[in-house]
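Have the sequence and the 3D view open as you read.

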Amino acid sequence: MSRSLSEEFVPEAEELLERMETDVQELGREGQPPERIAERLNALFRSAHSLKGMAGMAGLTEISHLSHEMENLMDHLRMGRLHPEPSILDLIGDGITLLRKSVAAVAAGGKGGRSASAGIGETEVGAYAARVAQALAAPPAAGGTSLAALGIPPHLTAALTTYEEHRLRENLRLGRTIYAVRVRFGFEDFERQLAAVTGRLQEIGELITTVPQIQA
């Protein structure tokens, strides 16, 4: 790795890892509302995804592979296939520790010290991947009642991503009331008006999706 690439990668990687540590600590706190937990899990997923991409571009294979394993773990958590129980949070924490070890080695290598690949090796990545695979081997949660049977319009359910459908089902499971809000905007100022409305809705509840339509 070149000096300039190391200098670019290390600070960004360290910042992502700091965010991940904060998010894991927050997930460990009791009494948080489900939407706050969902936000933290999404943030962890984005951080792992970003780190994987950065490491891939920098040619740091072990960091990229380890980040991918963590990204996969986060995806199962945010989709509700796993729950952020203490053992899973410990698993995430161990992954962050391994990543910090390798990023520190990249920093040392970039300064003319140890090799940039001296942090973690294939054996450690493989052992961590095996732990993740074991965690993911738990039986998936039941799918529950079909959304059509709940009276949700087909054009709305068809527009949902897999994650949005999961959030909808989770809110229904918690017994929350689901609202469909219809708003008319002028085309010339659509983006600003949509941002204003979605921002207000997010202050009072979880906004699952937006489905823009052209009015005939």
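Val-181 counts as exposed because its relative accessibility is 52%; exposed means over 50% relative accessible area, buried under 20%, and partly exposed in between, with a 1.4 Å probe and protein chains only. This is a predicted model, in which local features need pLDDT of at least 70, side-chain atom pairs count only at pLDDT 80 or more, and totals for chains, interfaces and linings use all residues. Residues are numbered from 1 along each chain as its sequence is written, and side-chain values use heavy atoms, leaving out hydrogens and water.

**Around Val-181**
- You will find Val-181 in the loop between H7 and helix H8 (190-204); helices are DSSP runs of H or I with at least four residues, numbered from the N terminus.
- Together with Tyr-179 and Val-183, Val-181 makes a nonpolar surface patch of about 340 Å².

**Around Asn-171**
- Helix H7 (residues 162-173) holds Asn-171, which counts as buried because its relative accessibility is 5%.
- Leaving aside residues up to four places away in sequence, Asn-171 touches Arg-176, Ile-178, Glu-206 and Ile-208; contact means heavy atoms within 4.5 Å.

**Around Met-79**
- Met-79 sits in the loop between helix H3 (61-78) and helix H4 (86-110), and at 11% relative accessibility Met-79 counts as buried.
- Thr-162, Tyr-163 and His-166 are touched by Met-79, not counting residues up to four places away in sequence.
- From C-alpha to C-alpha, Met-79 and Ala-38 are 9.1 Å apart in space, and they are 41 residues apart in sequence.

How values were computed: Helices (H or I, at least four residues) and strands (E, at least two) are DSSP runs, numbered from the N terminus. Patches are made of residues with over 30% relative accessible area and no salt bridge: like charges are joined within 9 Å, nonpolar side chains (Val, Leu, Ile, Met, Phe, Trp, Tyr) within 5 Å. Accessible areas come from the Shrake-Rupley method with a 1.4 Å probe; for residues, only the protein chains shown count as cover. A salt bridge is a side-chain nitrogen of Lys or Arg within 4 Å of a carboxyl oxygen of Asp or Glu.
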